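Please keep the sequence and the model in view while reading.

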Amino acid sequence: CTTSRVSEDEVLCKVSVAWNGSPTQTEADFFIRQTYRSDNSFVTFKEEHKLCEHLVVDTTTPLQKLAKLYKIGDTVLVNPKGCFESNFGLEPCEIVGFVQGRINFVRVRRLLRRWEIEDDTPARPNELVYTDDMVNIDADDVYRRCFVRFYSQSEVRNKEVPGPYCRDGTGDMFYIATRLVRLDDKNHLREIDQTSRPQSLIQGFDPTQPPPLPYLRGLDMFCGGGNFGRGLEEGGAIRFTHAVDMAPNAIATYYANTEDPKTTQFFCGSVDDMLIKALNGNVKGTLGIPLPGDIDLVAAGSPCVGYSILNPNKDSSQGLKNQSLIADVASIIDFYRPKYALLENVLTMAQKGKGRSHDSLSQLICCIVGMGYQLQVYVMDAWSFGSPQGRSRLFVSVAAPGFELPPRPHCSHSHPDGTSDRGLGTMANGKPFGERLFVDTPFNFVSAGEATAHLPDIADGHTGHCSQYPDHRPSKHAGELLRRHMNIIPFSPPGMNFIKTWKNRNVTVWEAAA
Ligand SMILES: C[S@@+](CC[C@H](N)C(=O)[O-])C[C@H]1O[C@@H](n2cnc3c(N)ncnc32)[C@H](O)[C@@H]1O
């Protein structure tokens with residue numbers, strides 16, 4: 001909200017404004033078709049935006065608001081503080097009742113984490129156990145929806161739980177295979193089979209089934225090996241029908257990573273060339289170039305080399321060419337007019353200076369908002385979604401006018417200890433822009449050590465591999481010191497070994513000890 005008093009002498013003149021107009025349709029001094037919100041988004045202007053949110057008198061209680069959002073049987077993440085003990089900021093529960101009376105509260109069924117109640121279990125962090133434990137909580141402590149599905153024990157054991165439910169909790173996705181039964185004051189887990197699945201719990205979407213609406217047909221620009229594309233497809237609403245990249249190896253990898261490569265058409269070449277051909281009507285019928293109307297969503301993990309702090313020559317012609325690829329994203333949006341677009345890049349894309357004289361992010365925002373699109377910018381850290389790596393990225397999410405901007409993804413995992421504030425800078429009004437969020441999460445940060453703890457010890461990682469004769473392997477692992485000793489043994493005369501080398505003084509004490 002920027003409502004503030006201005007003094008009389010600050011008012012210079014009266015201007016006319018066309019609401020929801022466009023320059024060609026109005027004589028007014030200004031036209032307004034988007035509202036800027038404090039969550040760094042530009043959204044299609046609606047009449048109700050004329051009244052500031054803080055001036056709207058809302059008499060509905062938190063419980064009534066909640067009952068409008070959720071049904072009984074929905075699964076939600078709740079803040080357990082003050083209600084029950086927990087090792088996490090948020091806990092998954094099923095709503096079993098909205099109770100209105102002298103005290104209003106929500107009654108929820110607790111869904112416990114299997115690895116917390118079973119010793120030495122191989123259960124993944126997001127495997128839950130169905131219970132009959134009910135608790136009453138404040139409506140304000142229900143944070144958001146989460147997704148829970150039932151799978152059989154054998155599906156869990158055989159790793160047949162499909163993505164995104166098998167991603168250890170990323171996307172707030174959980175699964176259940178057992179229920180908790182208390183016998184003789186002891187906890188027992190009993191398998192939930194097809195016939196005994198609790199009917200009250202409303203399960204999350206089934207990723208093996210098509211969505212209720214047709215898939216959004218996606219164009220994966222700068223598709224690389226397909227990480228971004230596969231992640232977006234796993235959300236259940238998108239299928240990339242087209243992918244473009246100039247690196248043949250990237251296209252081959254993408255091809256190998258698709259569920260069914262026949263459903264994706266590839267353009268192996270520069271996005272610039274694809275765009276020129278598309279703008280000229282693709283007269284030669286080059287394969288892999290969609291027609292306008294073929295694309296509902298554009299994803300662009302555009303190259304970051306021109307922005308990266310690791311590149312000392314950002315202003316070189318190569319650096320500038322690389323930065324300019326961001327303009328292709330705007331041009332592709334302009335040409336194909338998709339319903340949605342999502343762009344990802346490094347945070348330094350938001351900063352000029354440091355070897356870069358252009359503020360590409362501002363230019364991109366102006367361009368896309370100028371086309372009438374809605375847009376939101378946010379920063380997300382890979383570790384906030386369970387990935388054990390430090391990789392912070394800015395995202396530009398775009399929606400056509402009148403469509404809902406997809407909500408910013410919720411963080412499922414906490415920050416590592418000591419994480420500091422980070423953002424994309426400040427706006428002209430001095431307010432911070434694109435800040436890192438610090439919020440309660442259902443999972444804790446996963447370190448690289450924890451994520452790899454189950455892998456076998458590979459000592460110093462030396463394979464003992466002989467490139468010339470790959471079948472030649474040492475009978476036992478040669479440690480680093482032994483390898484150094486072997487390296488100082490001369491090849492001639494034949495039959496040399498370390499002792500002979502040592503005795504012939506072909507080696508110094510320092511070399512021997514090194
Ligand atoms: C950051 S990577 C994309 C990663 C990809 N989104 C993923 O998730 O795996 C950038 C990609 O852009 C490609 N690229 C660079 N310049 C290009 C151009 N002019 N046209 C098409 N692809 C280009 C590179 O080959 C590289 O695969």
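What share of the contacts in the protein chain with a separation of 6 or more comes from residues 24 or more positions apart? Such residues account for 60% of these contacts, where contact means heavy atoms within 4.5 Å.

The model is predicted: local features need pLDDT of at least 70 and side-chain atom pairs count only at pLDDT 80 or more, whereas totals for chains, interfaces and linings use all residues. Residues are numbered from 1 along each chain as its sequence is written, and side-chain values use heavy atoms, with hydrogens and water left out.

Taken along the principal axes, the C-alpha atoms of the protein chain fill a box of roughly 100 × 75 × 55 Å. The chain is divided into domain 1 (8-53), domain 2 (70-196), domain 3 (216-378 + 422-433) and domain 4 (460-514), with bounds from an automatic or database domain assignment. Between the C-alpha centres of domain 2 and domain 3 the distance is 38 Å. The secondary structure comprises twelve helices and 21 strands; these are DSSP runs numbered from the N terminus, with helices (H or I) of at least four residues and strands (E) of at least two.

Of the 514 residues in the protein chain, 41% are buried, a term that denotes under 20% relative accessible area (1.4 Å probe, protein chains only). The accessible surface of the chain is about 30000 Å², and carbon and sulfur atoms contribute 54% of that surface; areas come from the Shrake-Rupley method with a 1.4 Å probe, and for residues only the protein chains shown count as cover.

Attention now turns to the ligand. It is surrounded by 16 residues, the closest being Asn227, Phe228, Asp245, Met246 and Val271; a residue belongs here if one of its heavy atoms lies within 4 Å of the ligand. A polar backbone atom of Phe228 is 2.8 Å from an oxygen atom of the ligand. Nitrogen atoms of the ligand also take part: one lies 2.9 Å from a backbone N or O atom of Val271, and one is 3.2 Å from a polar backbone atom of Phe222. On its own the ligand has 600 Å² of accessible area, of which the protein covers 78%.

The last stop is Ser412, located in the loop between strand S19 (392-399) and strand S20 (425-426). Ser412 counts as buried because its relative accessibility is 0%. Beyond its neighbours within four places in sequence, Ser412 has contacts with residues including Arg144, Asp172, Phe385 and Phe443.

Note on methods: Polar contact = N/O pair within 3.5 Å; in protein donor to acceptor, adjacent residues only side chain to side chain. Buried < 20%, exposed > 50% of the residue type's maximum accessible area, 1.4 Å probe, protein only.
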